[in-house]
Each structure stands twice: as structure tokens, then as C-alpha cells.
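The sequence and the structure come next, followed by a reading of each part.

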Amino acid sequence: MNNHTAQLLAQHFNTAFAAQGGIKKLRELILTLAMQGKLEAQDPNDPPARELLKEIEAEKRRLVNEGKIKAAKPVAEIKSADVPYALPVGWKWVRLDDVAAKIHYGYTASANHNTQNVRLLRITDIQNNKVDWESVPGCDAKKEDVQQYLLADNDILIARTGGTVGKSYLVQGISVDAVFASYLIRVVPSGRVYVRFLKYFAEGPLYWKQLYAACSGTGQPNVNGTSLSQLHLALPPLPEQRRIVAKIDQLMVRCDDLEKLHAERERKRLAIHTAALRQLLAAQEQASSANARQFLTRHFSELYSVKENGAQLRKTILQLAVMGKLVPQDPGDPPASKLLKEIEAEKQQLVKEGKIKAPKALPETKSGEMPYALPQGWVWVRFFTVNTVRSELVSAKDFPEENQIAPDSIEKDTGQLLLHRTVAESGATGPNNRFYKGQILYSKIRPSLNKVVIAPYDGLCSADMYPVVCHTNVLFMLRVILSEQFLTQVRLAENRVKMPKLNLESLGQFIIPLPPLPEQHRIVAKIDKLMALCDTLDQQIDATTGKQTELLDAVMASI
């Protein structure tokens, strides 16, 4: 590695280590330098790449004469205007097809899990550049019928469609008979090139830039064999290929170590932050609470440089709120016991008007169920003591223009609606529940995802959701449902069944804290203020991360 390259890597090491995705960028930088001939010094004694190309051409002519490959059509020379950068002495710009004996599509067949006579390797079987051959299914094909598709060591497979387009895998140490599926393209490298150098090329920025430019199809990206064969590749002399791969291997091991260190540092930072927040939540004495607050304040800039801690802070805010620790109590507030009497009278009136059904009797709350002591004036109640599920099923297909909300419309853990659509746009045709503006819509499927929202308008919701009429401050109740205190009960309830689903009986018997109504209003206002500060914190983290990423991009662009 030359001095300029070494200085660049050293100069931006801390930035790469600190930035979100920085180590990924560092890997890209290493591969960029490698493909430009800046990672290893050139040796004037190496036979130049043009001599290597003559050997490859002689090899391909022999394979054509033996009937093992078809003769390639002549292609135009690569023009200097078409190459992205100048190469060192001894290197040469080539097309991928120039260094490949064969490039072709895979075998069209369906997987058969009842046989493994001939395996069928699919892109889904390739994870992190590895294949668990024991889990690869077979296909209904005889070995003699699929000779042209049988995989061999040093084959490179490339995904040609979908979200994994361009993903590559180097076959090495294969000990089974296997063919590759039709959504893969096989590159059989010439025996005169170092295959691991080609694999690193297929992981670098130059490869990806060309591949995405070659992708066709508006629905999902798709690259064909012809486009793939025309990708430009900077080819070094064979000895230098081996030296470059050895240096990349060495540096990638360092990157692996960096990732482990980074992950461990983040784990410790999260653990320290979580411990401080737990102390804040558990503090019964003012002095203990003050110590936790001082610790968080003193280490604020370090702790809140990652969004994971910001997410923990949001959860803690909600938990402090439902514990009565977010705003001071006002002795002039009417107690929650009085509010309960008003709620009971309201429910009886709604039953008389036919708007809700008469509720079933709920068991009284027991002291053993209460996870913590509540402030003066608060009470523990069952969820259905202050809420009612109002089911009004209709056929969705009869209301195509109505607003429609389903679990996938709601962001988890935030109480935010992600998208607005009509019944027709959602494609819903079966039973849906009517809901009304101001009701709480709560997903009963996989409830630990915490998908809940206050309806911003009237409409229909998926039968997988409960429309909840709240008889107290609905904004406060939303925060209760989003809190860890509520989620703890959800997780216990959903773990009792095979398919995570929250039934009405379990939901209704959850215990929740109920403050006086004026305090509910104050709590909601305080939460909104603190969540706005958390939003600002997230924006600052994004801005810092963006600047670090811009710096790394600028470094790579300058090379």
C-alpha cells in the first residue's frame, strides 16, 4: 500500500469507526483502492495483464475446439473514454466476458424436498456468502441430464433478479451434486485468473455501479447475461491479483475486528443507559432519582449519539408517565375514584341508548397484580373498566369509498398512522369493523408489535383490530397502551397461545393506572413536549451521521 493510501485510511479511521455504516464504507474504500491498483505496490517483474489475456484467449480457443463452450462473438475494444480511471502499468481494462470461459443461466426446475439426489441451489440458500448444503432441496433431475448445470469449485453465481440482484457467491469445497436455479447466472472464470480476485470485484463499488446501470425492468431490477458479460474490470497481472487478495483478506479481518469492537461498545453504551433509566424508574427516594438524572445529564452527549438510546428514552418517558413520576400531583385534583363513578354513569347511559352492550362484571384488582405503588389520588383499574370494544361488523366490499385502516397501516410502537387509503385501495372484501373518529384502533394480531392509533376519521378497520371507545382522556389512554407496563401484560397473554393473538377476555382484564382527569391532561402535555425534544435529538443524530457519511463519500470520490 502506498503512503498516500495509508494516510487516507489512517486519517479517516475514527470517522469510519464512529459513523453509522462507517465500517461498511471502509470496506468499500478498501475494495475501491484494490481495483485501482493502490492497495499493493506493482512489481515490474510481473508479466503484464496483456500476456495473461493471450493465455486466456488460447484457453478459450481450446475449449471451443473441444466443444465445451461456444465461440464468442467479436466485441469492440474498450475505449479510453469509457473507463472511469487510469490504470497502473501492467494492468488492462477488460470485460467480464474476457476473463470468463462461460456465462450462462441456471436450470429451470422446482425444488423437491423429498429428494437430494441432485440439489437445486437457489439464491435464498445463500446467506452471508455461505451455503448449508444439508438444507438445500433436491430437484427431479438425473445427473446425466444436467451435466451442463452441475456446479464446480470456483464457479461464481450471480442473482439476476429481484431485491438480491447482483448478489454473488463463490463455490468452493462443494461435495454434492448440485445445479443452480434459473434465477442465477453462472460465471465460469478462466483457469488463468485468480477467482477470488473476481469475487472481490463482484463485491466492490465499481461492480455495483455498473450492475445497477445495466439493470432493466421497472417493476423489479433484472440483469441479463449479456449485460453482465460486458461489465468493465481492471485486470492486474496474475501475481499481483494474488497479492491484492491477500492484502484485502488481511484488511477485511481488521474490519471484522472493528465491527466486533463497535458492537461491543454499543452494547455497553446501551447497557449503561438502560441501567441508568431503570434506576430512574425504580427510584423511591428523591436523592436516588436525582443521582440517576445527574448521570444521564453528565453523559448526555455520549449516551444519545445513537438512536437506540433515544428509543429507550421514549419508552422511559412513557413509563415515568404511567407511574406518576412525570408531572407533580395537585392535591386540588378530584381523585380518580370520583372519575370512575362518572365513567360508570356514562357507560350505563350508552347501554340505554344501545351504543354499547352491557359490560360483563370484571374481577377486582388484587394487590399481587400491582407492579408498583401509585401516587395519592390514582387507582388501578381493569382495561374494560374505562374502555369498551365496540364491534360493528359490515362487509367491506359494500363500502369501497370508505377509509380503511389495518395493522399494516400503523407504525409499531409510535401510535402513528403510516398511510391513508380507501377500502377499494386496500383490496379488503371480507368482514370489517366500523370505527369512528376519536376511537382507539388496536391490533389484536401479534399485539407485542404495539400497533395502535387514534382514528383520525370514520371508516372501516380490519377484523384483526379492536375499535375501542375510551371513557376517559383518549390521548392518555393511547400512551398507557404504548407503555412498557401494558406491553408486559401483552407479552404474557400472547405467549399462552400458538398464534400471537390477544382475545377480548385477556385485554379486558389487563390492569392499568388511572390518574385524576386533570393530571391526565398535564401528563399528555408533558409527554408531547418531551417527545418533541426526542424528535429533535433524532434529527441531530441524523445530521451528524449524514455529515460523517458525506465525509467518507468525499474521501472515496477523491480517490
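An open sheet is built from four strands in the order 15-17-20-16, and its pairing is mixed. Its edge strands, each of which pairs on one side only, are strand 15 (393-395) and strand 16 (404-405). Strands here are DSSP runs of E with at least two residues, numbered from the N terminus, and two of them count as paired if DSSP finds at least two bridges between them. Strands of a sheet pair through backbone hydrogen bonds, in either a parallel or an antiparallel manner.

Strand 16 and strand 20 (residues 459-462) run parallel and are joined by two bridges. I405 stands opposite C461, which belongs to strand 20.

## Basis of the model

The model is predicted, so that local features need pLDDT of at least 70 and side-chain atom pairs count only at pLDDT 80 or more, while totals for chains, interfaces and linings use all residues. Residues are numbered from 1 along each chain as its sequence is written, and side-chain values use heavy atoms, with hydrogens and water left out.

## Two asparagines with positive phi

N129, a residue other than glycine, has a positive phi near 65 degrees, and its place is in the loop between strand 5 (126-127) and strand 6 (130-131). N129 counts as partly exposed because its relative accessibility is 41%, where buried means under 20% relative accessible area, exposed over 50% and partly exposed in between (1.4 Å probe, protein chains only).

N450 is not a glycine either, yet its phi is positive at about 60 degrees. This residue is found in the loop between strand 18 (440-443) and strand 19 (452-454), and N450 counts as buried because its relative accessibility is 1%.
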